[in-house]
Amino acid sequence: MLTGTQVAFIGGDARQLEVIRRLTELDATVTLIGFDNLKQTFDGATHAEMTEEAFENADAVLLPVVGTDDEGKIEGVFTSKELRLTSECLGRLPKHAKVYAGMAKPYLRNLCEQHGIALVELLERDDVAIYNSIPTAEGALMLAMQHTDITIHGSTAVVLGFGRTGMTMARALQGLGAKVLVGVRREEHYARAYEMGFEPFHTAQLQSKVVGADLLFNTVPSPIVTASVIAALPPRAVIIDLASKPGGTDFRFAERRGVKAMLAPGLPGIVAPKTAGRIIASVVSQLIMEDSAKRGNEA
Ligand code: NAP
């Protein structure tokens, strides 16, 4: 349980509601900043304004998945007020406090470092990335269905990258009956992809491997789907780029060539906000409980 642990939530979207629900169920004392338009109520949660005082006793601060922008602005869909994380606010936190966000821009990293406050970037954790790959792959399949006039069953799909997202994507396509080719750069990924029943190839051979592709899913966050790769694709092919912005596709050339290509960021929060929220809730509650137990042992 989290009795006596104080947690401040600042901004966020539907995903954050799952985290609030979980922490209030665990009896944490929750302060909600930037939720003034929220219709729902949570037992054990109170609303507060974005003031320095609101940070004074917090053991944990929970920011939205995207953290802050480059100027410290925090997005909140449940408020029309501007939320900004300032140095003054962060400076009021007790030294043992931790800040949690999905990811952090240099602004947030610098601020936490400046005040000696630990920052946890949840999306960097393997477990979160693997759980998140499930709604990501489902969202990518949804886009594939929306943008093609064929079934995934019987199609030829190329997946680039065989990490946390690529592996799930390849397996989901295989489960629906697609012929799946997987582009890798490591021998152990080649071997694993072969073992799992995919057709592996080295990304150096990408151009020759896309000739018969109906679908191309990219998870490599560097320019890999180049003009020459796009030129080798059949015009019917659809490129769904899952890699973080700006993706790995030459979108300008794809448009010129008439090949449908789309960058599809943030799919878990779009197609399954509840599941995406539960993934964060489960990991965050575990981490806060561990910290709280550590403080209890030290006291
Ligand atoms: P990951 O586990 O690190 O996987 C990335 C894969 O790409 C690895 O297999 C890596 O191989 C490979 N790779 C990287 N650079 C390469 C290159 N130049 N040539 C060939 N292969 C290369 O990352 P992830 O968690 O799967 O995430 C992949 C991307 O998707 C990230 O940009 C992430 O931000 C994004 N993402 C997007 C969504 C969404 O909703 N669209 C959701 C989750 C994640 P090595 O192991 O050899 O490095």
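Me: A residue is near a molecule if one of its heavy atoms lies within 4 Å of it. How many residues surround the ligand?
Reply: This is a predicted model, where local features need pLDDT of at least 70 and side-chain atom pairs 80 or more, while totals for chains, interfaces and linings use all residues. Residues are numbered from 1 along each chain as its sequence is written, and side-chain values use heavy atoms, without hydrogens and water. Thr165, Arg185, Arg186, Ala264 and Leu267 are the closest.

Me: What share of the ligand's exposed area does the protein bury?
Reply: Accessible areas come from the Shrake-Rupley method with a 1.4 Å probe. Taken alone, the ligand exposes 920 Å². The protein buries 76%.

Me: Which helices each supply at least two residues of the shell around the ligand?
Reply: Helices are DSSP runs (H or I, at least four residues), numbered from the N terminus. One supplier spans 164-175 and the other 267-271. They are H5 and H10.

Me: How many residues of the shell are charged?
Reply: Asp, Glu, Lys and Arg count as charged. Nine shell residues are nonpolar and ten are polar. The charged ones number three.
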